[in-house]
Amino acid sequence: MDPKLSEVSQMCELFKAALVRNDFEKCETLLSQLKVLLTAFRSLPPLFEATLNAVHELTVARDIYEHAVILSVKTEDQDAFERDFFQLKPYYTDAGDRLPQSQQEFPILGLNLLRLLVQNRIAEFHTELELLSASALENPCIKHAVELEQSFMEGAYNRVLTARQTVPHETYVYFMDLLAKTVRDEIAGCSEKAYDSLSINDARQILLFSSDQELSGYINEEHPEWEIKNGYVIFQKAKESAPCKEIPSLQLITQTLSYARELERIV
Amino acid sequence: MAMTVTSAGGLLAMLNEAHPSLKLHALSNLNAFVDYFWPEISTSVPIIESLYEDEEFNQRQLAALLVSKVFYYLGELNDSLSYALGAGPLFDVSEDTDYVLTLLAKAIDEYASLRNKAAESKDAGDIDPRMEAIVERMLDKCILDGRYQQAIGIAIECRRLDKLEEAITKSDNVHATLSYCSNISHSFVNRREYRHEVLNLLVKVFKKMPSPDYLSICQCLMFLDEPMGVASILEKLLRSEDKNDALLAFQIAFDLIENEHQAFLLNVRDRLPQPKYIPTELVQPASAETESVPDANAAASEDTQMEDGTQAMVGSSPVVDPKEANYAERLTKLKGILSGETSIQLTLQFLYSHNKSDLLILKTIKQSVEMRNSVCHSATIYANAIMHAGTTVDTFLRENLDWLSRATNWAKFSATAGLGVIHRGHLQQGRSLMAPYLPQSGSGGGSPYSEGGALYALGLIHANHGEGIKQFLRDSLRSTNVEVIQHGACLGLGLAALGTADDDVFDDIKNVLYTDSAVAGEAAGISMGLLMVGTASEKAAEILTYAHETQHEKIIRGLALGIALTVYGREEEADALIEQMTRDQDPIIRYGGMYALALAYSGTANNKAIRQLLHFAVSDVSDDVRRTAVLALGFVLYSEPEQTPRIVSLLSESYNPHVRYGAALAVGISCAGTGLSEAISLLEPLTSDVVDFVRQGALIAMAMVLVQISEASDSRVGVFRRQLEKIILDKHEDTMSKMGAILASGILDAGGRNVTIKLLSETRHDKMTAVVGLAVFTQFWYWYPLIYFISLAFSPTALIGLNYDLKVPRFEFLSHAKPSLFEYPRPTTVATTASAVKLPTAVLSTSARAKARASKKEADQKAIAEKSSGAESTSGIGKSSSDKDGDSMQVDVPMQKKAEVEPSFEILTNPARVVPAQEKFIKFLEDSRYIPVKSAASGFVLLKDLHPTEPEVLSLTDAPSSTASTGGTAVNTQGSVASMPVDEEPQPPQPFEYTS
């Protein structure tokens, strides 16, 4: 076997072991080294040269990136997740027909969907969804994300929050926690628009907090412009945003008419 | 390749990795795939840009290259270029991709415009050194790859004379490269000063070469106006032992002559050093000979000077040095050439001996023109003069003296002046020919009109070579105060002293101008312009002031044109004056401004000038100015005749007849003699315009375009000839268009059908006299006698080979084309109506074919065996091939297969008529006794004699020397016309079978 490849394989094992041990620092250093080593392989994307060990190399590389994604979830680093996921993706989309399907593929794709949902990037979410085959949509991991999105869109936030209990994979928990926050932000945004003020009690219920402390903590942290006064949460400051502009309809009408007249005159 | 990536997302993600080698990996892969994934990458451009700006990142240049490529795909070329500059050496100029090519072009454009701006504002602008580096890399690469022309182009464009020199000297064929270079410097370098710099460099390179191409050097030097350089080269060549060097010197002289730059030539001649010792016995017989034999090289005026010089020196040095003697002899010849007398002499002989003008056409015109219509009457006289320009054949006038005497007043003036056109170039006898009409000292017997006309005629005879006659004209001008004579004398003097900028002459004319007589003042204005052509002197301002003071429109117009003439060819230098004139309140001055634009930028196709002219053509309030603005386009564009029809096509459909007229003449001027199909298509509808003067302009323009085009090459020539005939014969036609038709028939057969209108010389330089001639010619709108100026634009279409003695030896060469393509038009038959002509031609042509077939073998044999005189044998071949006619083709198509095929070539004998379109078919025979010094297909060519010991057979020795001989020619031409029908007497048709 190619010495370089064996070196990578060995290091990969070390990396996986460290990951299982949750020794994140070791993981990071190993991963960084691995990535640099991987750039030397010409069989990997984007070149895809058909070298002798191409399949093997691709498998190893995919394995590394899959674990890198899991690592990023564990370290709760969304940027790293995105980075690693994009580097992993060609192994699924472009090299998929040459490699045996990975066990991790659907969980990771599902994770990514979840991430998009968390980051409220709905457009990208649907783009990703469109790229998946019909059979993939049946996969519980994907299905979970899709259902979440539907509930999210419907405003059935309860269902979103209860879905945390039914995660198909243990790595999903992190994102589900984040999702709860996203939901709360969404509700907060809506309330701001919908009400001038709310009683603290109502606000707590609406924002799905279990105690008033949590509520005030949240307000201080996320919405310092809100005011708590006399047992009410007052959103007035947010109301200051300028009223939407009126359409200058009369002006438009006169303009259009004058154009028409001019045109008639020219012809 | 089994797989490709479908997205650059992974690589883009990699850019965000912390490790630099990962970034590098991503960058280099992205760079490889940018062609496919630029839309994806474009969203990440800020990241890559930040990499480029990151001082610590060691592959910043790669990042810059990537960004540059993305910007290129986004169409942001400016951003792309600035990043490409950042990419430094990674931007590979030799890469053959759209990206690189586009950016290179962009970089070079940018660089060139920066350099030009820097050069114009005279301060060294801050040019990005990186851009300079790229351009230099490109240049070096071109030179390395042997693409010298490209390198030269870029170097010239970017004003990198150092690189230009490098490119030229490193090229494998320096001669070819140099000539290419001088060509493009004329056609593509727009700014005059810069062109001078380029030419200076060329001369420098030329001189460094081991075997310099003196022909080209001298052309360059002429452009730089450095007579000293030319003179020293000529001297060197003359002093050489080798006879061929002398031949070369003569050839150079002839080439210089062709550009018609009188002042420069005089300068060269004056700077040629006199031989140190002049052996008396050699010079005296030589000069004696010159006087006795009219076709010797030096003219009388020249001789007097020479003799003066020689006699002064003879006493001091009686020693005879053969070398010096040799030099002296050659010098005499060279001076003869430089003064233009040799070439004029030879041209005259050629035009005289090859005259093929058709008197029958004139006769038809004369008969159909109404007696009392003086416009048409004079037009006929003009047409006759133009038809016989330079041939010295005045038979028509002599035969119709009665008819001629109907010309009175100004008509008489132009009738007399017409003689000048007919005898154009007859330098020795011009004066004696005109003697009967010239003002006699003492007695005021003659009519002032004929006297004035005679002075004008003298000017026409001596146009641009007026050294001999200048003094006489000045005296005549001073000794008269009749305005008609002053008018003629002014025009004559202007013509004779064209472009010499002689201060004394100028003062004389100015005195006439200040008499404030309308008739004389107009001529004086034009004459001043002629005198100062192309000098851009301050006198123009003086003239302009006077133009504002005077009340006479005629004078203002004359002066306006005069001012325009002074800025001839000065390009940007004239801008201030043009600006002043075109903004004037007086429409006549603006009108002059249009001419100034036309002449200053003549033949440059300068975009700025075109834009200005088009602007005036549509926006000026005066019709005259608009007409002239359109017309002026013709002058600006004559170096690119293909452009003109396109540019004026819209104007030719203008509602304003003046603009239409201008468009017609613009096409006529710029496409003169080209027979360009688009030009004809544009003019055709105009010849039947609703407005009479537009028809007139279109007919004249059409004639200018079609001059010397044979019916075989464009059938519309025949159509046009018939149209002219119809207009002339039509009683109800307007006088204006009738006059146009008469003039057109004159121009169509100009100079005995042996001349064309040519504004560019063989070396693609402007012919000053021709341009000036046409410019004044277009003034005939206001003043008919100025029509004669068109004769200045005529140049004989001949190949004249000369030997060392400047004689015309018998010499043959090949025209590798069907003779019918370039033959003379067939003489018209006696029948007067167009319908009657058709039938006999059909019969005649078949029989002519039969006869021709029999006679051809004879003729061929004759041509090979017994070398008869040039004129006869060429005409013989012309006749034998004349069976190929448009009509006959249709009549007997079935016979075509059987019939003998027309030969695909013809042998021409020196001197021969070679029309411009024919030039590319001319081949010199390899086993010939003579070898041309330079391979040119027209004009004067010096021949190297390979068998100098054998006796030479000379052709073309007969000269139209006196009036008596002209009478003789009248008989000759008459005879030939009369004998034509006899020649073509019908014979029984050949047996044939019907195949269909």
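The model is predicted: local features need pLDDT of at least 70, side-chain atom pairs count only at pLDDT 80 or more, and totals for chains, interfaces and linings use all residues. Residues are numbered from 1 along each chain as its sequence is written, chains are lettered from A and ligands numbered from 1 in the order in which they are written, and side-chain values use heavy atoms, with hydrogens and water left out.

**Chain A**

Chain A has 14 helices and three strands, taken as DSSP runs (helices H or I, at least four residues; strands E, at least two) numbered from the N terminus. Of its 267 residues, 43% are buried; buried means under 20% relative accessible area, exposed over 50%, and partly exposed in between (1.4 Å probe, protein chains only). The accessible surface of chain A is about 14,700 Å², and carbon and sulfur atoms account for 53% of it; such areas come from the Shrake-Rupley method with a 1.4 Å probe, and for residues only the protein chains shown count as cover.

Over all chains the structure holds 40 salt bridges, a salt bridge being a side-chain nitrogen of Lys or Arg within 4 Å of a carboxyl oxygen of Asp or Glu.

| Glu13(A) | Lys16(A) | 3.8 Å |

Glu13(A) and Lys16(A) are three residues apart in helix H1 (residues 3-20) of chain A, about one turn of the helix. Glu13(A) is partly exposed at 49% relative accessibility, while Lys16(A) is buried at 19%. Asp84(A) and Lys35(A) are both buried. Glu128(A), in helix H6 (residues 122-131) of chain A, pairs with Lys89(A) in helix H4 of chain A, so parts 39 residues apart in sequence are tied together. Both ends are buried, Glu128(A) at 13% relative accessibility and Lys89(A) at 16%. Shared partners also join Glu82(A), Arg115(A), Arg121(A) and Glu124(A) into one network of salt bridges.

Arg62(A), in helix H3 (residues 54-74) of chain A, is buried without a salt bridge; Glu66(A), the nearest side chain of opposite charge, is 4.1 Å away. For charge, Lys and Arg count as positive and Asp and Glu as negative, with His and the chain ends not counted. Beyond its neighbours within four places in sequence, Arg62(A) has contacts that include Leu88(A), Tyr91(A) and Pro100(A), where contact means heavy atoms within 4.5 Å.

On the surface, Leu250(A), Ile253(A) and Leu257(A) form a nonpolar patch with about 330 Å² of accessible area together. Patches are made of residues with over 30% relative accessible area and no salt bridge; like charges are joined within 9 Å, and nonpolar side chains (Val, Leu, Ile, Met, Phe, Trp, Tyr) within 5 Å.

**Chain B**

The largest nonpolar core has 369 residues, of which Phe91(B), Leu164(B), Tyr456(B), Leu774(B), Phe777(B) and Phe789(B) touch the most other members. Helix H40 (residues 692-706) of chain B gives the most to this core, with 11 residues. A core is a set of buried Ala, Val, Leu, Ile, Met, Phe, Trp, Tyr and Cys residues joined through side-chain atoms within 4.5 Å.

Helix H20 (residues 359-368) of chain B is largely enclosed by the rest of the structure, because seven of its 10 residues are buried.

Arg159(B) has a positive phi of about 55 degrees although it is not a glycine, and is buried at 12% relative accessibility.
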